[in-house]
Amino acid sequence: MRRHGTMTREEACDMLWSLYLISGAPMYEAPDYDSVQPWLYKDERDNDIAAKSGVISALSIMDTKQMSRNLGIHEQRLKHLHAAYAAAIIKRLKSLHLPDFGKKETALKDEIIRSHPANPDGNVIGSDIKDYEWTHRWNNLVTFSSRNSMYHSYVSKIMEKRFIPMLVKYFPDQAGKVVKYIRKAGYGDGEVLDLIDRTAGYNSNTAYLYQGKSGEEHRKKLQQKIRNSCPAASRNANK
């Protein structure tokens, strides 16, 4: 995609099939922090998450007009295909994230520490641990927690910021289609405008997404929130 020139039809087909396969590929099986065996993918870390994030990044910069000419299909069909790919990936990662896991993580760590035969009182353990089974259990928990955080961070810091501007670009003045794919990505009706706020924001390109009673109420709440956080600026604006 970065090279100069135009892709051939064969190259374009190969790219779309590759993105399809990566989008639908299963995620690594989660580390079992009750297991004394090492995690099978300990050397891979977040490669599966990063690969799916890469699909959305690739789709977001793709020239759909040129691609549609290469493939000989209507550009609108290609846009719907891209939006479906991205929505499915985000929904999958959102479903894997456990937002409340941090509440139980400390208790789990304490339990594992106390289970070490050299530390029955739960003392701090140094780096000279020779109990490999205990170490694997500890590492599995740390990895599970790390991946759980990555599900959220990849979605909120990368994928959402590619996904929403892509939908706005694909479906200008077609709020129904934008909302359709946001819902397909696993967001509820009450989350739609908050998602747009933190990604594309309110501007001339997104104003159509704030139409209607709910959009107007949301904008008022947002403006009030800004005034509450910046009282001095609010006073100056009212002068």
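**Helix crossing and aromatic pairs in a predicted model**

In this predicted model, H1 passes H3 in a left-handed crossing.

User: Which residues make the contact between H1 and H3, and how do they divide by class?
Analyst: On the H1 side the contact is made by Arg9, Ala12, Cys13, Met15 and Leu16, while H3 contributes Met67, Asn70 and Leu71. Sorted by class, the contact of H1 with H3 has six nonpolar, one polar and one charged residues.

User: What is the geometry of the aromatic pair formed by Trp39 and Tyr41, and is each residue buried or partly exposed?
Analyst: The ring centres of Trp39 and Tyr41 are 5.6 Å apart with 75° between the planes, and the pair is edge-to-face. Because buried means under 20% relative accessible area, Trp39 at 8% counts as buried, whereas Tyr41, with a relative accessible area of 29%, is partly exposed.

User: How are the rings of Tyr170 and Phe171 arranged?
Analyst: Both Tyr170 and Phe171 are buried. Their ring centres lie 6.1 Å apart and their planes stand at 85°, so the pair is edge-to-face.

User: How many aromatic pairs are there, and which residues form one aromatic cluster with Trp17?
Analyst: The count comes to twelve aromatic pairs. Trp17 forms one aromatic cluster together with Tyr20 and Tyr85.

Terms used: Residues are numbered from 1 along each chain as its sequence is written. This is a predicted model: local features need pLDDT of at least 70, side-chain atom pairs count only at pLDDT 80 or more; totals for chains, interfaces and linings use all residues. Side-chain values use heavy atoms; hydrogens and water are left out. A crossing is left-handed if the near helix is turned anticlockwise from the far one by less than a right angle, and right-handed if clockwise. Helices (H or I, at least four residues) and strands (E, at least two) are DSSP runs, numbered from the N terminus. Contact means heavy atoms within 4.5 Å. Ala, Val, Leu, Ile, Met, Phe, Trp, Tyr, Cys and Pro count as nonpolar, Asp, Glu, Lys and Arg as charged, and the others, Gly among them, as polar. Rings of Phe, Tyr and Trp (its six-membered ring) pair if their centres lie within 6.5 Å; planes under 30 degrees apart count as stacked, over 60 as edge-to-face and the rest as tilted. Buried means under 20% relative accessible area, exposed over 50%, partly exposed in between (1.4 Å probe, protein chains only).
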